[in-house]
Amino acid sequence: MNLANKVLVLGAMVAAIAVFLVFFSPIRALAETIVSGTVTGNQDWVVENSPYIISGEVTINPGWEIRIFPGVVVKFEDENSILIFNNAELEAIGTEDEKIYFTSIKDDTVGGDTNGDSNTTSPTSGDWKGIWLPVSQFPSIWSNVVVRYAGADDHPTVFFDHALNQDITMQNVLVTHNLGTGIKQIQGHLNIESSEISNNGGDGLKTEDASGFSTIIDVHHSVIFGNLSYGANAAQFSSFRAENNYWGNSTGPFNENLNPNGLGDAVTDNILFNPWCMDELCAPPPEECAENCFSNVLFLPGIKGSNLKMEGDEL
């Protein structure tokens, strides 16, 4: 074989190897950022450097802020977590089309095959611990965020711990398939709107009392179902308003005293859950009219148009 033919054969072999690597090798993320140890200094986590891989226990020191931008995927190695210290902040605001994900490193559905093992491993509840936000300072808003496969070592997935007088808002947040409690709160005021807390191995939502401080949860127009223990578990002195939510069944949440025929997730006694939504399409009610309020229904005397009934009685 002359030199020219050898060059052609070698080129063909290289091309074949390249094709094999493209089509048969595990799909890895185009860019990834390893995060470990203690974070000092303000940081922006952007999609161009995503996924961010939490390797080891990551702590954010007091006074620093991490802003997570839309479309970012944060993956946790086994049994790892993020701890936000006093007066540090973790801001996570995604969009409907570009959600932010906190998930397992084994989750190939977002951010690619980060651990490079193709489909050898699959994510499961309890792969990583959770996000712990203790004491007094944490993000005021989480929006369009997905948190799944956490709960290792009996750790709440999202834990607002001794929030003091802070107000927290979670909008369009999905907390699902975690091993233990989905969201736990001690102190402070937590607002949850248009979110889903589902299929967690413990309580969906849980509060604990703290001496001398109030713990308040308002959750509305959300879906709470499939949680193994309680959908909502309120401590004795907590204020827990949970009206206008869907609990997994049109009969509402189960409570032995207040709704014994409910087939949805169970709730404790000291939770305001009535009225509830009949299905998952639990849209917020229209804004109340302030002035110039007129009906768009035409009433003609003598013409019967509709009946209004309450509990079977015609009005």
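Mentor: Two strands pair when DSSP finds at least two bridges between them, a strand being a DSSP run of E, at least two residues long, numbered from the N terminus. This is a predicted model, where local features need pLDDT of at least 70, side-chain atom pairs count only at pLDDT 80 or more, and totals for chains, interfaces and linings use all residues. Residues are numbered from 1 along each chain as its sequence is written, and side-chain values use heavy atoms, without hydrogens and water.

Trainee: How do you know that strand 4 and strand 7 pair?

Mentor: Strand 4 (residues 52-54) and strand 7 run parallel and are joined by 3 bridges; at least two are required, so they pair. Ile-54 has Phe-76 of strand 7 as its bridge partner.

Trainee: What joins strand 7 to strand 10?

Mentor: Their parallel pairing has 4 bridges, with strand 10 covering residues 100-104. Lys-75 has Thr-103 of strand 10 as its bridge partner.

Trainee: What makes both faces of strand 7 covered?

Mentor: Val-73 and Lys-75 on one side, and Val-74 and Phe-76 on the other, are all buried (under 20% relative accessible area, 1.4 Å probe, protein chains only). In a regular strand, side chains alternate between the two faces of the sheet.

Trainee: Which residues have the most contacts inside the largest nonpolar core?

Mentor: This core has 49 residues, and Val-74 and Phe-102 are among those with the most contacts. "Nonpolar core" means buried Ala, Val, Leu, Ile, Met, Phe, Trp, Tyr and Cys residues joined through side-chain atoms within 4.5 Å.

Trainee: What does Phe-102 touch?

Mentor: Leaving out residues up to four places away in sequence, Phe-102 touches residues including Ile-68, Val-74, Phe-76 and Trp-128, where contact means heavy atoms within 4.5 Å.

How values were computed: Buried < 20%, exposed > 50% of the residue type's maximum accessible area, 1.4 Å probe, protein only.
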